[in-house]
Amino acid sequence: MTILFFTATGNSLSVAKTIGGKLISIPRLLHDNSGDIHIADDEGVGIVFPVYFGNLPNHVRLLLGRVRISAPYKFAILTYGELAGRATSHLVRTAREAGIEFNYVRTIKMVDNNFSIVNVEKQVRTQGRKHIAEHMAGISEEVRQRCSLIERPNIIDRIVGFVEERMPAEDAPRRFSVEPDKCMGCGTCTRVCPNGNLRLIDGKPSWGENCLKCTACYHNCPHGAIRYKGEKSRYTFRNDAVSLGDIIYANSNV
Ligand SMILES: Cc1cc2nc3c(=O)[nH]c(=O)nc-3n(C[C@H](O)[C@H](O)[C@H](O)COP(=O)(O)O)c2cc1C
């Protein structure tokens, strides 16, 4: 089994780890290959990634535009925090346009990391209500049994998705700041960004214009030194099954 993943705070990587197999970071894959990418696996190939604004992260769109998958079983799992909107429909349509037909597409509700919309501290405190481990075990078993199932958005998701997709883009680079007494200038933020959008200037992070708002820099700062204007809590989250090293390996050198 080969699983391609995109992650900022580890939820999607934890799902990929639970299913198991050869795990490949999508930012790395896009960076290390010029032109078309061919992934072949006799057991199956999966894609795991977070929902962004009821839709697909840009890295996944870029991947679908360049990848050719040769496998008898193709699956996708979308992690999300509150409402996945129409993301599964967007995925199925975009993949189909790229000549990829999934056998299995499912969502899994996990901790929402989007600090500009939700209180992440409350998300972590109340995550038990989402029964994440049980749902993950169910999905993992369905994939193991090569189930065929395409999850479609329900009426609420369709309405919410319509709104989520039209959320005004925030001027993210200018909303970030660092607490000078907490920032050690370690540069971790520059290494977890999947877009290579941060660099250290005079020992402090500086954000370029290429921000995805993925939250990786904020949540993976070892000192909790990064602030965001409008953040709903001051709390950093990374999935327990995933280390800082995992995120650095997945997203650095891009
Ligand atoms: C920019 C951004 C947009 C998001 N949009 C949605 C959304 O539309 N619906 C939702 O339920 N969760 C949304 N989330 C939450 C993530 O999808 C969720 O926390 C995901 O599991 C994070 O995966 P990761 O830890 O692998 O990065 C968003 C998060 C970010 C950073």
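Which residue in β8 does Tyr104 stand opposite? Tyr104 stands opposite Leu149.

This is a predicted model, in which local features need pLDDT of at least 70, side-chain atom pairs count only at pLDDT 80 or more, and totals for chains, interfaces and linings use all residues. Residues are numbered from 1 along each chain as its sequence is written, and side-chain values use heavy atoms, with hydrogens and water left out.

**The sheet.** An open sheet is formed by 6 strands in the order β2-β1-β4-β6-β7-β8, with parallel pairing. β2 (22-25) and β8 (149-150) stand at the edges, each with a single partner strand, so one side of each lacks a neighbour in the sheet. Strand β7 (residues 104-109) pairs with β8 in the parallel sense over 2 bridges. Strands (E, at least two residues) are DSSP runs, numbered from the N terminus; two of them pair if DSSP finds at least two bridges between them.

**Aromatic pairs.** The whole structure holds 7 aromatic pairs. Rings of Phe, Tyr and Trp (its six-membered ring) pair if their centres lie within 6.5 Å; planes under 30 degrees apart count as stacked, over 60 as edge-to-face and the rest as tilted. Two of the pairs involve Phe176:

| Pair | Centre distance | Plane angle | Class |
|---|---|---|---|
| Phe176 and Trp207 | 4.8 Å | 5° | stacked |
| Phe176 and Tyr228 | 4.9 Å | 70° | edge-to-face |

Phe176 lies in strand β9 and Tyr228 in strand β12 (residues 226-228), so this pair ties together parts 52 residues apart in sequence. Phe176 and Trp207 are both buried, a term for under 20% relative accessible area (1.4 Å probe, protein chains only). Ring pairs link Phe115, Phe176, Trp207, Tyr218 and Tyr228 into a cluster.

Notes: Helices (H or I, at least four residues) and strands (E, at least two) are DSSP runs, numbered from the N terminus. Buried means under 20% relative accessible area, exposed over 50%, partly exposed in between (1.4 Å probe, protein chains only).
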